[in-house]
Amino acid sequence: MNHIKEYASELGLNLSDEMLERFELYYRLLIEKNKVMNLTAITDEEEVVQKHFIDSLAVYAAVPEFADYVNRGNVKLLDIGTGAGFPGIPLKIAFPDMDVTLLDSLGKRVRFLDEVTDELELKGIRAYHARAEYAAFDNSINTGDGQAVKNVKLRGSFDIVVSRAVAKIGHLSELSLAFVKKNGYFIAYKAQAVDEELSEAKADISKMGGKLCRVDRIMIPGLGQERSFVVIKKTADTPRKYPAKPGK
């Protein structure tokens with residue numbers, strides 16, 4: 001973890017000693033669990049710092065709307081398809097006052113996320129086991145240990161929804177915009193080349209009640225690679241039939 005504080009500083013973030021300790025513990029838990037289940041192909045410490053931790057935090061420096069929400073406080077964030085917890089857990093570590101919900105379709109990954117948040121003693125964060133296509137409609141949702149939590153309202157509940165999931169923007173918008181509050185934002189982490197993908201997705205974004213604002217780009221400190229953030233504002237309610245159930 002030698003360079004994480006330096007890299008974060010390049011993003012305008014000052015990580016405290018407590019935050020650095022949490023990132024260190026997160027890394028150890030990730031590598032240990034990765035021995036028995038597939039969480040990440042990246043295991044070298046420096047690469048995890050650059051490609052997972054700092055990459056997750058880069059949205060703060062790249063997207064002004066994200067920074068505005070964080071600086072105002074009381075922001076509610078949903079991470080869809082969080083996997084091993086990226087970007088949601090790094091964001092929670094760096095911005096401890098943020099209210100974070102993690103959503104993933106694989107129960108054993110969600111159990112790992114519960115373990116991480118417990119070990120890191122993070123408050124104001126929870127992980128749910130569900131596909132977005134169902135979580136947008138269900139008021140009862142499962143935790144990582146299979147327990148049903150009732151009266152959970154996720155649809156239209158979040159200031160910001162983020163996703164690093166590997167899917168096209170049109171599909172990601174359908175999965176994500178239903179969860180965003182009116183005038184909130186969906187921010188998709190994407191690779192460098194997104195122009196063709198966006199031209200195909202504009203109609204889908206509009207259909208879901210979104211408006212494409214722009215694509216913000218930033219070089220990831222220490223990595224020398226560019227990350228693109230597709231910024232979509234929620235301007236109208238998402239029709240109740242969306243997101244469509246799998247297979248439809």
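In this predicted model, the count of aromatic pairs comes to 8. Among them is the pair of Y69 and Y185, an edge-to-face arrangement with 6.4 Å centre to centre and 75 degrees between the planes. Y69 belongs to helix α5 (residues 64-72) and Y185 to strand β7 (residues 180-190), so that this pair links distant parts of the chain, 116 residues apart. Y69 and Y185 are both buried.

Another pair is formed by Y189 and F229. Their ring centres are 4.7 Å apart and their planes stand at 70 degrees, so this pair is edge-to-face. Because Y189 lies in strand β7 and F229 in strand β9 (residues 226-234), the pair ties together parts that are 40 residues apart in sequence. Y189 has 2% relative accessibility and therefore counts as buried; F229, at 0% relative accessibility, counts as buried as well. Elsewhere, ring pairs link F23, Y26, F53 and F86 into a cluster.

The nonpolar interior comes next. In soluble globular proteins, nonpolar side chains tend to be buried together. The largest nonpolar core of this model has 60 residues, of which F53 and F66 touch the most other members. Helix α2 (residues 17-34) gives the most to this core, contributing 8 residues. F53 is also a member of the ring cluster with F23, Y26 and F86. When neighbours within four places in sequence are left aside, F66 is in contact with V59, Y60, L77, L91, F95, M98, I160 and I187.

S163 is found in strand β6 (residues 158-163). With 0% relative accessibility, below the 20% limit, S163 counts as buried. The side chain of S163 reaches the backbone nitrogen of A165 at 3.1 Å. Not counting residues up to four places away in sequence, S163 touches D79, I80, L172, F186, I187, A188 and Y189. Among these neighbours, Y189 is the residue whose ring pairs edge-to-face with that of F229, and I187 is in contact with F66 too.

Notes: Residues are numbered from 1 along each chain as its sequence is written. This is a predicted model: local features need pLDDT of at least 70, side-chain atom pairs count only at pLDDT 80 or more; totals for chains, interfaces and linings use all residues. Side-chain values use heavy atoms; hydrogens and water are left out. Rings of Phe, Tyr and Trp (its six-membered ring) pair if their centres lie within 6.5 Å; planes under 30 degrees apart count as stacked, over 60 as edge-to-face and the rest as tilted. Helices (H or I, at least four residues) and strands (E, at least two) are DSSP runs, numbered from the N terminus. Buried means under 20% relative accessible area, exposed over 50%, partly exposed in between (1.4 Å probe, protein chains only). A nonpolar core is a set of buried Ala, Val, Leu, Ile, Met, Phe, Trp, Tyr and Cys residues joined through side-chain atoms within 4.5 Å. Contact means heavy atoms within 4.5 Å. A polar contact is a pair of N or O atoms within 3.5 Å; within protein, one must be able to donate a hydrogen and the other to accept it, and residues adjacent in sequence count only if both atoms are side-chain atoms.
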